[in-house]
Amino acid sequence: MFLKPSKTTVAIDTHSVHIFRKGVNAAFTVGLSGEKTIPLSSITSVQFKKPGMTSGYLQFGVLGGKETQGIMNAVKDENSVIFIKKELDQALELKKYVEDRINKNNNSTNSLDPADQIKKFAELRDQGIITEEEFTSKKKQLLGI
């Protein structure tokens, strides 16, 4: 749980990162729903900024997403978690865990045959995580076309 400044709870299960936000600030910056679920299989990177004069942040890069830089952009990004110096160890632990999962997913994806990989990318397309164009491009790459 990251209490300052954003009242954010991050929960991770075997398949997803769940971000829960509370408070008026969250409603203004990322919308009224207050909840975001990101499948671990769609996370491609974890951007990290250590807190200093301002808060720090973790930003989960996803397939087809537009990553931004800077705390002002991270505050508005539904895939980001803002934290303060007291929460640095917790943020580093979260970063390491998600990066380990990314690496594990990448290693297991590389061992799949092309048909299984295409199937996984089709699921991401159907979930709206990647676009039709990204799916088609990846499919052609896997088939060597």
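Two strands count as paired here if DSSP finds at least two bridges between them. On that basis, the predicted model has an open sheet of three strands, running in the order E4-E5-E6 with antiparallel pairing. Strand E4 (43-49) and strand E6 (80-83) sit at the edges, each pairing on one side only. From one strand to the next, the twist averages 10 degrees.

As for the pairing itself, strand E5 (residues 56-62) lines up with E6 in the antiparallel sense, over four bridges. Gln59 stands opposite Ser80 in E6. In general terms, strands of a sheet pair through backbone hydrogen bonds, either parallel or antiparallel.

Next, the nonpolar cores. The largest one has 17 residues, and the members that touch the most others are Val17, Ile43, Phe60 and Val98. H3 gives the most, with five residues. Nonpolar side chains in soluble globular proteins do tend to be buried together.

Ile43 is worth a look of its own. Leaving out residues up to four places away in sequence, Ile43 touches Val17, Ile38, Phe60, Gly61, Val62, Val98 and Ile102. Among these contacts are Val17, Phe60 and Val98, which join Ile43 in the group touching the most other members of the largest core. Apart from all this there is a second, separate core of seven residues, including Ile118, Phe121, Ala122 and Leu124.

Methods:
Residues are numbered from 1 along each chain as its sequence is written. This is a predicted model: local features need pLDDT of at least 70, side-chain atom pairs count only at pLDDT 80 or more; totals for chains, interfaces and linings use all residues. Side-chain values use heavy atoms; hydrogens and water are left out. Helices (H or I, at least four residues) and strands (E, at least two) are DSSP runs, numbered from the N terminus. Axes are lines fitted to C-alpha atoms, for helices over the stretch in contact, and angles run from 0 to 180 degrees between N-to-C directions. A nonpolar core is a set of buried Ala, Val, Leu, Ile, Met, Phe, Trp, Tyr and Cys residues joined through side-chain atoms within 4.5 Å. Buried means under 20% relative accessible area, exposed over 50%, partly exposed in between (1.4 Å probe, protein chains only). Contact means heavy atoms within 4.5 Å.
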